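Here are my notes on the model, as numbered points. Please read them with the coordinates open.

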Amino acid sequence: MADLSVNLFHNMLKNPVMNASGTLGYGVEIEPLWKVETMGAYVTKGLSLMPHQGNPTPRVWEVRWGMINSIGLQNIGVEAFFRDYMPFFEQKNMPVIVNFFGFTEDEYIQCAKNIVPHRLIIGLEMNLSCPNIKAGGISFGKEPEAVRRLIDRVKSSTNIPVIAKLTPEVDNIADIAQAAYEGGADGLTLINTLPGACIDTHERAFKIRGGMSGPSLKPVAIKAIYECRKRVPIPIIGAGGIMDYEDCLSFFMAGATAIQVGTATFVDPFAIPKIIQDLGDFLDKNGWDSVIDLIGAACT
Amino acid sequence: MDDIEAKIITNRNIVKDYFLLRLRLARPLGTVVPGQFVMLKIPGNTVFLRRPFSIYDYKRDVMSIMYKVKGSGTLALSNAVKGDSTMVLGPLGRGFNIYNKPNHIVVAGGIGIAGVHLLIKKIKANAHVFYGCTDEKELLLLNDLKMQDKYISTIDGSYGYKGNVIDLFRTRLKDYNARDTQVYACGPEGMLKGLKHALESHRAPCQVLVEERMACGLGLCFGCVKKTLDEKEPYKRVCKEGPVFNLWQICL
Ligand SMILES: Cc1cc2nc3c(=O)[nH]c(=O)nc-3n(C[C@H](O)[C@H](O)[C@H](O)COP(=O)(O)OP(=O)(O)OC[C@H]3O[C@@H](n4cnc5c(N)ncnc54)[C@H](O)[C@@H]3O)c2cc1C
Ligand SMILES: Cc1cc2nc3c(=O)[nH]c(=O)nc-3n(C[C@H](O)[C@H](O)[C@H](O)COP(=O)(O)O)c2cc1C
Ligand code: FES
């Protein structure tokens with residue numbers, strides 16, 4: 001049996017597959033179908049300092065080879081998450097990555113401070129696609145200097161490894177990755193959804209404006225991973241349009257150490273356990289000893 | 001709850017845009033509560049996300065849904081034929097609570113009948129059904145349903161009361177004492193609004209099945225919410241906390 005385990009920030013994960021933030025609820029909802037501990041780690045829904053009610057409907061819309069969502073970051077807040085859901089992961093001894101966001105720099109800092117170090121929390125994933133309400137709503141992740149400063153401040157308020165999750169809607173994503181690294185980021189998650197919209201031609205109106213996800217995103221993610229890996233020496237977690245284990249192979253070969261599966265779970269609720277199973281079978285069949293050997297295999 | 005492979009037995013056009021799809025499942029569905037739904041994969045590979053449909057009927061490994069062609073997904077579904085393969089995820093959500101009351105009133109409009117069909121089957125001896133549709137032809141949607149009392153309205157007046165089902169319901173409401181009555185409803189948002197208005201002073205308890213666009217059907221994405229009067233967390237997931245809600249707790 002090939003070895004699926006990977007090391008992330010000095011934690012051994014039993015496999016390199018996680019859910020993408022916001023696509024596996026609070027972790028408990030999937031349990032009637034499969035156990036969350038099937039994955040290497042669970043990534044929380046985006047959490048904020050205070051609870052957040054989110055956007056009115058419609059919040060989801062199908063597009064060709066993908067979907068657009070405008071959930072608006074509905075969540076119960078960090079405090080309630082720790083109270084109501086952390087015991088569930090403790091009981092399973094399950095590594096957790098906490099995805100969090102803020103609408104101001106101070107909210108990010110306060111939120112990071114409120115996440116008390118815990119043996120199972122292996123990283124804080126900062127959602128940098130969030131609009132900065134003090135800067136006219138432009139997202140935090142678009143300007144290298146803003147990214148460097150914000151990550152630097154977050155780093156000085158927590159001892160937990162910090163993962164910067166980047167938006168693909170930028171000029172040069174490697175410049176942003178570089179800024180995140182200089183600010184002290186311990187890792188990157190690439191990529192978040194790509195902003196998009198669709199129009200109802202009968203109504204002559206927008207149906208939805210939001211973030212696009214699903215298979216149409218995969219080439220954007222692969223390019224981002226490849227370019228950032230060349231620029232910065234920190235581990236990359238890949239996300240964007242992964243539907244099956246073959247997609248994963250591309251992500252590893254482009255340089256990802258671990259991957260996240262999002263939208264695929266909506267299409268097939270068993271996508272994640274299938275990917276883990278198929279990845280192991282593939283390595284066995286093709287004589288690879290470890291998934292680690294695949295990482296960056298296409299980058300020379 | 002399970003994700004089950006299925007094959008189409010029949011996909012029959014009932015009338016106009018309405019179809020009845022019968023599926024043979026590889027395994028039986030678990031226990032089904034009327035009002036629960038499934039996420040159905042649309043056969044073929046042109047439609048990406050699954051679509052939610054109420055469980056219209058089921059017996060061991062045969063399940064059926066009744067649907068109306070609305071957009072690309074249901075159009076593709078209407079073109080599927082006997083033998084086509086699909087997947088059925090369910091049963092999902094919280095269905096109707098059937099309380100022990102003398103009067104059970106069911107109000108449905110159009111394709112809304114699909115959401116209350118199993119319920120009516122279960123409480124048939126006590127069911128007072130108010131059904132509204134466009135014209136006499138659509139009464140075929142009532143199919144084989146047995147019920148105690150049936151009140152029909154058609155928009156064009158070709159059968160029964162001429163007008164919408166809520167106006168018909170209003171004419172009968174005084175016959176029912178709020179304490180002895182439980183109302184169940186499924187239909188377009190406009191009908192539910194009208195119902196809320198009609199019951200404003202009567203205040204009979206009322207459970208409604210609501211619809212919203214979905215991605216996962218499992219409570220994972222928070223895409224399918226309905227706004228409620230809960231101040232702490234107003235948006236509730238239709239697929240998880242619903243699709244049946246207390247009429248007096250949701251914003252319409
Ligand atoms: C719990 C639940 C049970 C349902 N049961 C049934 C049923 O038994 N029979 C039936 O015919 N339909 C049912 N629906 C509605 C059905 O899911 C939609 O009509 C279908 O998804 C439309 O898909 P489409 O691709 O054809 O339409 P699209 O092209 O996606 O949209 C066409 C139109 O349908 C509306 N629509 C799309 N999705 C939904 C949705 N999920 N709910 C309501 N309106 C929607 C859109 O706003 C648009 O106006 C149910 C919905 C829910 C949430
Ligand atoms: C419904 C939905 C909710 C999401 N919520 C979040 C979130 O709260 N925080 C975040 O950083 N990313 C969020 N994302 C982005 C995903 O984590 C992921 O980066 C993106 O969807 C690309 O992966 P995919 O194509 O596999 O879905 C969300 C995506 C979807 C579809
Ligand atoms: S459809 Fe995803 S939470 Fe309801």
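**Notes on the model**

1. Strand 3 (residues 17–19) of chain A runs parallel to strand 14 of chain A, the two being joined by three bridges. Here strands pair if DSSP finds at least two bridges between them; strands (E, at least two residues) and helices (H or I, at least four) are DSSP runs numbered from the N terminus. In this pairing A:Met18 stands opposite A:Gln260. Strand 13 (residues 236–239) of chain A is also parallel to strand 14, again over three bridges, and A:Gly238 stands opposite A:Ile259.

2. This is a predicted model, in which local features need pLDDT of at least 70 and side-chain atom pairs count only at pLDDT 80 or more, while totals for chains, interfaces and linings use all residues. Residues are numbered from 1 along each chain as its sequence is written, and chains are lettered from A and ligands numbered from 1 in the order in which they are written.

3. Strand 14 (residues 258–261) of chain A is covered on both faces: A:Ala258 and A:Gln260 are buried on one side, A:Ile259 and A:Val261 on the other. A residue is buried if 20 or more other C-beta atoms lie within 10 Å of its own, with C-beta atoms placed from the backbone. In a regular strand the side chains alternate between the two faces of the sheet.

4. In helix 5 (residues 173–183) of chain A, the buried residues are A:Ile173, A:Ile176, A:Ala177, A:Ala179, A:Ala180, A:Tyr181 and A:Gly183. Their cover includes helix 4 (144–155), strand 9 (162–166), strand 10 (187–190) and helix 6 (218–231) of chain A. A:Gly184 follows helix 5 and has a positive phi, near 115°.

5. At the interface, 28 residues of chain A are in contact with 20 residues of chain B, contact meaning C-beta atoms, placed from the backbone, within 7 Å. On the chain A side, strand 5 (60–63), strand 6 (66–69) and helix 8 (264–267) each supply at least two residues. By class, that side has 15 nonpolar, 10 polar and three charged residues. Ala, Val, Leu, Ile, Met, Phe, Trp, Tyr, Cys and Pro count as nonpolar, Asp, Glu, Lys and Arg as charged, and the others, Gly among them, as polar.

6. Ligand 2 lies between chains A and B. It is surrounded by 27 residues, the closest being A:Ala20, A:Gly22, A:Gly46, A:Ser213 and A:Gly262; a residue counts as near if its C-beta atom, placed from the backbone, lies within 6 Å. This shell has nine nonpolar, 16 polar and two charged residues.

7. Around ligand 1 there are 23 residues, and B:Tyr67, B:Gly71, B:Gly73, B:Thr74 and B:Ala114 are the closest. Strand 4 (51–54), strand 6 (62–68), helix 1 (72–78) and helix 2 (113–122) of chain B give two or more residues each to the shell. The shell around ligand 1 has 11 nonpolar, six polar and six charged residues. Domain 1 (2–92) and domain 2 (103–209) of chain B both contribute to this shell, so ligand 1 lies between them; the domain bounds come from an automatic or database assignment.

8. In chain B, strand 1 and strand 2 (residues 18–25) are antiparallel over eight bridges, with B:Leu20 as the bridge partner of B:Arg12. The two strands form a hairpin with two residues between them, and B:Lys16 in the turn has a positive phi of about 45°. Strand 1 (residues 2–15) is also antiparallel to strand 7 (residues 85–92), over six bridges.

Note on methods:
Contact = placed C-beta atoms within 7 Å. Buried ≥ 20, exposed ≤ 12 C-beta atoms within 10 Å, placed from the backbone.
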